[in-house]
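Here is a short briefing on one helix, its packing partners and the nonpolar cores.

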Amino acid sequence: MLDVSLPAHMVAAFVGTSILLGALVYLRFAPEAPRGLGWWAVGLGLFAAQYPPRMAAGPVLGEAGTAFLAESLTAVSAVYLLAGSAAFVRGTVHRGLIAVAATAVVGWATAATVLDLGAVALAVPLTLFGGLATTHAGHLLMRNRQPALWPVQGIAAVLLLAWGLLKLGTPLLDSLGAYAAWGPATELLLGDAVAVALILLTHRQLLTRATRELEERVRSENALRENERGQSLVSGISARLATAANDQIEDRIHECLIELRAFLACDRVAMLIQSEDGTQAIPVDVVSPDPGRELPSPVSVRTLPWHFARFRAGETIHFQRLADLPAEATVERDLFGHMGLETYLSVPLKTGDDVLGAISFACFKRTADWSEAIVGRLRLVGEIIATALARKRAVDTLRDTANRFQLAVNGAHEGLWDWDMATRRIWFSPVWQQMIGFTDAEMADYRWQDHLHPEDMGAVRLGMREHFTGRTPVFQVTFRHRHRDGHWIWVEARGACARDDDGKPVNFAGHLTDISERKEAEENLQRQTNYDHLTGLPTNHLALPRLDDALRAMGLNRHKVAVIAIASDEIEHIASTLGRAARDAALLQIAGRLRDGLGPGQWLSRSATNEFLAVLPNVATSTLAEQTALTLLETAHEPLVVEGQGIVVTLNAGISMAPTDGDSAPVMVRNAHAALAKAREAGGNTHSFFSPALRADGARRLAMRARLRDAIANDELTLRYQPLIDAAAGTLIGAEVLLRWENPEFGTVGQDQFIPLAEETGLIVPIGEWVLRTACQRARSWYDRAGRSFRLSVNVSPRQIRNGEILSAVRDALMLSGLPAAALELEITEGLIVEHASDTRDILERLHEMGCRLTVDDFGTGYSSLSYLQRYPFDALKIDQSFVRNLPDKPSDVALVTAILAMAKGLGLKSTGEGVETRRQMNFLRAHGCDVVQGYLFGRPLTAEAFQARLESGNLAGPPDAGSAATTTAGDGEIDGDTDAKH
């Protein structure tokens with residue numbers, strides 16, 4: 001090797017070390033990093049290039065030249081290897097290598113000039129530089145080890161460290177004469193081993209890193225692509241709806257639904273809008289991929305309790321599989337399973353706290369993996385569509401308002417004035433001149449203040465003074481102005497003044513509006529508000545303040561105040577049979593009689609359609625109040641003359657006494673109505689005083705209304721089944737469904753108590769749907785056992801018929817249960833037929849077309865006529881138990897039942913007798929051709945399990961003992977299920 005002194009080695013090593021450190025610092029903080037693969041390849045190539053000179057170029061270049069070339073190639077290869085390692089770990093830059101080369105040249109020039117060593121001395125710093133570089137590369141490889149490559153990687157790191165240390169020790173060993181002892185052969189051998197190890201390590205490490213980076217890149221690109229696609233979808237929908245004209249929004253939303261279906265690759269997308277009263281989900285748009293593909297018909301969301309509750313609350317509903325539905329969604333699980341629905345998503349259409357509806361996405365007989373990111377995007381789409389719908393509604397409302405405003409402006413007669421305060425001249429527009437009827441000549445000498453009503457002059461002057469002094473921003477006052485022909489017109493003046501720099505008014509202008517018609521309308525409205533248009537009696541708006549005045553004066557004269565609530569239940573029946581005109585005529589006569597029945601100082605008001613309030617402000621005792629109530633009830637004894645015929649009505653009265661029963665008008669009226677309700681229960685022409693017990697009954701009724709809303713959810717409603725018996729054969733052919741409410745607080749509640757509450761609150765609709773659905777599901781197995789003759793009789797609420805929801809309820813119940821429509825019999829009351837003839841007929845005909853049997857319930861107790869039996873598609877009629885109860889002992893009931901059965905047979909209708917409790921009643925009905933009977937003679941209403949056991953036991957006709965059945969009372973039936981307590 002080289003013969004260079006030790007100080008020269010040390011100086012050269014110092015310079016070379018400085019070069020290495022400068023290069024490493026630059027490499028660590030380089031701002032850009034090319035791939036390290038190229039640096040590794042170049043480094044390995046340069047490292048291998050040193051061996052041909054070592055072996056063959058020695059005689060040509062000499063020992064010094066060979067060593068210089070070999071060490072230079074080794075050092076440069078180490079730099080490239082180091083650059084490649086740094087690139088894998090943290091990155092490097094091409095300019096770093098330029099800096100290394102420049103630093104090496106500067107270091108070499110400095111060393112050669114200062115020490116005068118010549119070109120050969122460069123071998124020493126290059127050797128040290130190569131050793132440091134190789135050592136650092138081994139350190140980097142050791143520090144950034146990979147678990148899967150660690151055995152090979154560790155060996156390679158150790159070899160690199162050993163090789164670097166050897167390179168660093170070469171000048172020292174050479175100076176000590178030890179280098180020649182083991183010399184170039186060992187160096188060559190170690191160099192070859194290191195090169196091979198580096199090649200293997202680089203290949204394995206690059207492959208592992210490349211694979212991992214590729215996987216990460218694919219995942220990142222997929223996520224980015226999905227995110228960009230979702231973002232593009234949301235942005236496109238937002239832009240499309242934002243730029244749509246108001247009349248294009250619905251079409252654009254439909255396009256968005258098509259795009260959403262394609263985005264999710266689902267089978268159906270549907271948009272539902274919540275009705276104004278919040279009781280329905282109305283489908284407004286449905287998108288499917290192929291019109292020819294058969295998909296299950298959309299089901300009314302109203303029939304799905306769990307789903308509908310979340311729809312109304314504006315919640316997101318999402319399940320990947322049908323099994324993901326919660327346990328409480330039993331109805332949804334059964335229905336969706338029947339439809340083959342697997343994956344479902346419903347996102348709300350919400351703007352703030354307002355829920356407009358929802359968009360639903362469905363996949364049938366297959367699942368779809370919709371991530372939370374996709375669901376989040378769709379929720380955002382729901383908000384965008386909801387905003388567009390809200391904007392459309394707002395624009396439609398604004399347009400309607402603008403149209404009405406424009407019509408109002410065009411039809412208004414606005415007069416204008418302009419008052420020059422400096423010249424004191426006033427200009428009036430021609431419209432004002434026309435409004436007051438003055439001619440052009442008369443307007444020349446017109447002074448507006450000379451024509452004001454004296455009572456309004458002060459208000460006009462005060463308004464002007466307040467505005468001129470700056471106390472009011474505008475001048476606005478209403479006054480009366482005399483028309484040229486002498487009558488007064490009401491005028492509204494509104495204006496403002498312009499001011500100079502000192503704030504002094506210089507001009508005063510505004511408009512004048514003739515509001516005479518508005519004033520007249522306000523007076524008419526006041527009269528209509530305070531007085532009933534039919535009877536001329538005070539309404540509650542006027543009566544309640546007058547009652548409060550009487551209550552306040554009560555302590556001064558030490559008398560009591562009585563309030564008597566009076567009502568007639570026959571009024572609505574008159575309207576149903578004879579029409580509203582006849583009802584109004586009857587009410588007018590009743591009001592006149594009641595007014596005449598009151599004494600001096602006492603007065604009457606009309607509080608509702610068929611209710612009146614009589615106020616006795618100075619009554620000494622409750623006995624006198626009761627005598628007055630009896631006098632008022634007696635006024636109904638004489639028949640009313642309506643349309644040429646006499647009609648007898650009955651009255652009931654409820655009495656509350658102050659101060660015992662209350663000290664305010666609302667409380668007194670409420671208590672009087674509570675007493676009236678008690679009197680109605682006792683029958684016609686009765687009266688009742690208010691008592692605290694009635695208040696408790698009212699509170700219980702309110703509590704029951706609140707608890708009834710949760711009856712279905714809390715599983716408190718149960719069904720009982722009243723056997724239907726073939727009268728001729730004596731065999732069981734079906735069952736009538738009866739409803740019971742088992743509440744932990746109120747116990748067993750009779751239908752006569754909670755069904756009216758359900759009707760009032762509208763809960764009868766979901767309750768009725770539950771009854772249909774549950775009863776049909778239970779009856780399916782009974783139908784299979786009993787055969788085609790089996791029938792299930794269900795009472796239908798008038799409210800279900802009126803709003804048409806009975807159609808979807810029956811359709812869903814039959815579809816879910818599989819019960820044939822011919823096995824379902826729907827019972828309808830007579831009163832519904834009369835009250836809503838046109839609408840009811842259409843609904844009943846559609847039910848009949850579905851295959852259901854229709855029966856007139858409680859026939860003979862209503863006000864229908866034979867024409868209705870012919871016009872409507874009825875299959876049977878049911879004789880009310882009030883007529884069956886006295887058979888065959890009461891001649892009038894015998895004649896009536898005989899006539900009904902004969903009429904039914906003549907019209908081709910089947911007949912059912914209810915309330916049969918004795919063998920004699922049974923034999924009478926059978927002898928006169930009654931087809932079906934039911935009642936306690938054949939057993940009380942049964943649970944579903946008991947009814948099924950009876951079917952399986954073969955005891956089809958019921959208990960044979962007629963005596964025990966005959967002793968059963970109707971009072972017990974109110975709880976246990978007699979035939980007159982129906983849903």
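Predicted model: local features only at pLDDT ≥ 70, side-chain atom pairs only at ≥ 80, totals over all residues.

Residues are numbered from 1 along each chain as its sequence is written, and side-chain values use heavy atoms, with hydrogens and water left out.

**α25 against α27**
- Helix α25 spans residues 764-786 and helix α27 spans residues 805-817. Helices are DSSP runs (H or I, at least four residues), numbered from the N terminus.
- The two pack at an angle of about 25°, with their axes 9 Å apart. Axes are lines fitted to C-alpha atoms over the stretch in contact, and angles run from 0 to 180 degrees between N-to-C directions.
- α25 and α27 are therefore roughly parallel to each other (angles under 35 degrees).
- Their crossing is right-handed (the near helix is turned clockwise from the far one by less than a right angle).
- From α25, V765, E769, L772, R773, C776, Q777 and R780 meet E805, I806, A809, V810, A813, L814, L816 and S817 in α27. Contact means heavy atoms within 4.5 Å.
- The residues of this contact comprise nine nonpolar, two polar and four charged. Ala, Val, Leu, Ile, Met, Phe, Trp, Tyr, Cys and Pro count as nonpolar, Asp, Glu, Lys and Arg as charged, and the others, Gly among them, as polar.

**α25 against α34**
- The axes of α25 and helix α34 (residues 944-953) come within 11 Å and cross at roughly 5°. That makes α25 roughly parallel to α34.
- R778, S781, W782 and R785 in α25 meet A944, E945, F947, Q948, L951 and E952 in α34.
- This contact has four nonpolar, two polar and four charged residues.

**E769**
- Leaving aside residues up to four places away in sequence, E769 touches R302, T303, Q800, E805 and A809.

**Nonpolar cores**
- A nonpolar core is a set of buried Ala, Val, Leu, Ile, Met, Phe, Trp, Tyr and Cys residues joined through side-chain atoms within 4.5 Å.
- The largest has 83 residues, of which Y721, L792, L824, L826, L847, L877 and L925 touch the most other members. α25 gives the most to this core, with eleven residues.
- Another core, of 35 residues, lies apart from it, with I237, A244, L345 and A388 among its members.

Key: Parallel < 35°, antiparallel > 145°, perpendicular 65-115°, else oblique. Buried < 20%, exposed > 50% of the residue type's maximum accessible area, 1.4 Å probe, protein only.
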